[in-house]
Amino acid sequence: MATYPPSTDRIQRLREHALANIDAVSNPDLAAAERNLLAARGWKSSAGEPWTILRRAQESISILNNMTPAIDDDELIVGKPFLRELNSVEQAEWDQFRENIDPYRVIEVGQRAHMAIDFEKLLHVGVAGIREEINGYRENLVLTNAVDYEKDVFYRACLMSLDALVNSAHHYAELAEQQSLTASPNRRDELLTIAEICRQVPEHPARSFYE
């Protein structure tokens with residue numbers, strides 16, 4: 001029979017916190033509320049854009065740039081969004097979008113999530129390396145060629161989304177630094193380490209297993 005080491009006090013506290021909040025985490029409406037609103041704002045902000053892929057990118061950018069970060073006590077790995085209900089003004093904005101705009105959008109075909117991303121590459125070269133690779137592809141395009149122009153639109157969407165990913169990581173760094181100001185000495189050191197890591201990755205290559 002397999003044996004397992006006893007859980008640490010930190011793991012026990014994290015487990016109790018997760019179980020205490022399981023109703024909120026498992027509520028799909030609550031989990032998606034802020035994300036859906038931000039995506040709607042991103043779509044509306046690109047109303048004059050003829051390329052659907054750029055409008056879809058703008059949705060992701062709006063989410064990554066504006067979602068509320070959350071770092072709970074004892075957490076050492078961050079990145080989850082803050083779960084909250086919309087206020088009455090936000091709810092009215094979302095309802096208006098869902099009823100009057102969303103049904104008439106271009107139907108999205110293909111996969112946007114639950115896919116096997118090349119994390120190994122991201123960890124080795126960082127967003128900066130991927131940006132460099134994409135810009136290398138763009139340099140070889142002839143934009144008077146229709147096929148190349150369409151490729152360039154895709155690459156632009158990639159670059160815009162990558163910038164937003166880095167911004168999101170920096171938001172977690174800023175929150176960690178803010179929380180460190182009132183934390184206990186041990187927790188302060190952990191939060192400052194989290195902030196340092198979030199400013200390193202994903203923009204730059206990971207330097208350690210923790211990163």
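View 1. Phe 119 counts as exposed, because its relative accessibility is 52%; exposed means over 50% relative accessible area, buried under 20%, and partly exposed in between (1.4 Å probe, protein chains only). The model is predicted: local features need pLDDT of at least 70, side-chain atom pairs count only at pLDDT 80 or more, and totals for chains, interfaces and linings use all residues. Residues are numbered from 1 along each chain as its sequence is written, and side-chain values use heavy atoms, with hydrogens and water left out. Phe 119 belongs to helix H6 (residues 119-139); helices are DSSP runs (H or I, at least four residues), numbered from the N terminus. Together with Met 115, Ile 117 and Leu 123, Phe 119 forms a nonpolar patch on the surface, with about 400 Å² of accessible area in total. Such a patch is made of residues with over 30% relative accessible area and no salt bridge, nonpolar side chains (Val, Leu, Ile, Met, Phe, Trp, Tyr) being joined within 5 Å. A salt bridge is a side-chain nitrogen of Lys or Arg within 4 Å of a carboxyl oxygen of Asp or Glu. Accessible areas come from the Shrake-Rupley method with a 1.4 Å probe.

**View 2. The second largest pocket.** This pocket has a volume of about 340 Å³. Among the 15 residues that line the second largest pocket, His 17, Val 25, Asp 72, Lys 80 and Leu 83 are the closest to its centre. Helix H1 (9-20) and helix H2 (22-25) are the elements that give two or more residues to the lining, and H1 provides the largest share, three residues. A pocket is an open set of points on a 1 Å grid where a 1.4 Å probe fits, with protein on both sides within 12 Å along at least five of seven lines; lining residues have an atom within 4 Å of a point.

**View 3. Ala 31 and Leu 83.** Ala 31 is located in helix H3 (residues 28-45) and counts as partly exposed, because its relative accessibility is 31%. The C-alpha atoms of Ala 31 and Leu 83 are separated by 5.7 Å, although the two residues are 52 apart along the chain.

View 4. Asp 74 lies in the loop between helix H4 (52-66) and helix H5 (88-100). With 15% relative accessibility, Asp 74 counts as buried. Its phi is near 75°, a positive value in a residue other than glycine. The peptide bond from Val 201 to Pro 202 is cis, with omega near 10°, and Pro 202 is found in the segment after helix H8 (185-200). Most residues other than glycine have a negative phi, and most peptide bonds are trans.

Notes. Patches are made of residues with over 30% relative accessible area and no salt bridge: like charges are joined within 9 Å, nonpolar side chains (Val, Leu, Ile, Met, Phe, Trp, Tyr) within 5 Å. Grid points are joined across faces, edges and corners, and a volume is the space filled by probe spheres set on the points.
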